[in-house]
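Please examine the sequence and the structure shown below. The briefing that follows is grouped by topic.

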Amino acid sequence: MARMSAFQRLVTKYQRDVDFLIIYIEEAHPSDGWVTTDSPYSIPQHRSLEDRVSAARVLQQGAPECALVLDTMTNSSSSAYGAYFERLYIIQSGTVMYQGGRGPDGYQVSELRSWLERYDEQLHGPRPRRV
């Protein structure tokens, strides 16, 4: 069985109170473009919406409990949110509450975790601590 990523652990822990959404944007390292050796996937650049749908289905296998939507072929979501390559956001009631740094270097799941822990404490009170 594959090891659960830090992001997947957050989804599992907080999904009762938080809706998680992945917006699949253009491929950062397409197999027919700027290739990286550490990518677990070989996905060519999307030439059509059907290509993007196929690639997104591969991605969703890694986070099956997350809703997944696709950016337009003109990459309007990526442009609006400055998401290229990847970026974490928390949006609450239409307001951006957290905007992570641009990935891969600015992609800090630990910052997202800290925000979610504070939010969880506001909703449910502090968790008992072991002594």
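Glu27 is buried but forms no salt bridge, and Arg52, the nearest side chain of opposite charge, is 8.0 Å away. Buried here means under 20% relative accessible area, exposed over 50%, and partly exposed in between, with a 1.4 Å probe and protein chains only. A salt bridge requires a side-chain nitrogen of Lys or Arg within 4 Å of a carboxyl oxygen of Asp or Glu; for charge, Lys and Arg count as positive and Asp and Glu as negative, while His and the chain ends are not counted.

This is a predicted model, in which local features need pLDDT of at least 70 and side-chain atom pairs count only at pLDDT 80 or more, whereas totals for chains, interfaces and linings use all residues. Residues are numbered from 1 along each chain as its sequence is written, and side-chain values use heavy atoms, with hydrogens and water left out.

**Surroundings of Glu27**

- Glu27 lies in the loop between strand 1 and helix 2; helices (H or I, at least four residues) and strands (E, at least two) are DSSP runs numbered from the N terminus.
- The side chains of Glu27 and Tyr24 are joined by a polar contact of 2.4 Å. A polar contact is a pair of N or O atoms within 3.5 Å; within protein, one must be able to donate a hydrogen and the other to accept it, and residues adjacent in sequence count only if both atoms are side-chain atoms.
- Not counting residues up to four places away in sequence, Glu27 touches Ile43, His46 and Tyr84, where contact means heavy atoms within 4.5 Å.

**Asp32 in the loop between strand 1 and helix 2**

- Asp32 is found in the loop between strand 1 and helix 2, and is partly exposed at 39% relative accessibility.
- Leaving aside residues up to four places away in sequence, Asp32 touches Pro44, Gln45 and Arg47.
- A distance of 8.0 Å separates the C-alpha atoms of Asp32 and Ile43, which are 11 residues apart along the chain.

**Helix 2**

- Helix 2 comprises residues 49–60, and its 12 residues reach 16 Å from first to last C-alpha, close to the 16 Å expected at 1.5 Å a residue. The expected span is 1.5 Å times one less than the number of residues.
- Arg52, Ala55 and Ala56 are buried in helix 2. Viewed down the axis, the buried residues of helix 2 fall within an arc of 105 degrees, so they line one face of the helix; the arc is that of the directions from the helix axis to the C-beta atoms.
- The cover over these buried residues includes strand 1 (21–24) and strand 2 (67–70).
- The face of helix 2 turned away from its buried side carries the exposed residues Glu50 and Arg57.

**Salt bridges**

- The count of salt bridges comes to two.
- Another joins the side chains of Asp120 and Arg16 (3.9 Å, N to O). This pair links distant parts of the chain, 104 residues apart, with Asp120 in helix 4 (residues 109–124) and Arg16 in the loop between helix 1 (6–14) and strand 1.
- Asp120 is buried at 5% relative accessibility, and salt bridges that share partners join Arg16, Asp17 and Asp120 into one network.
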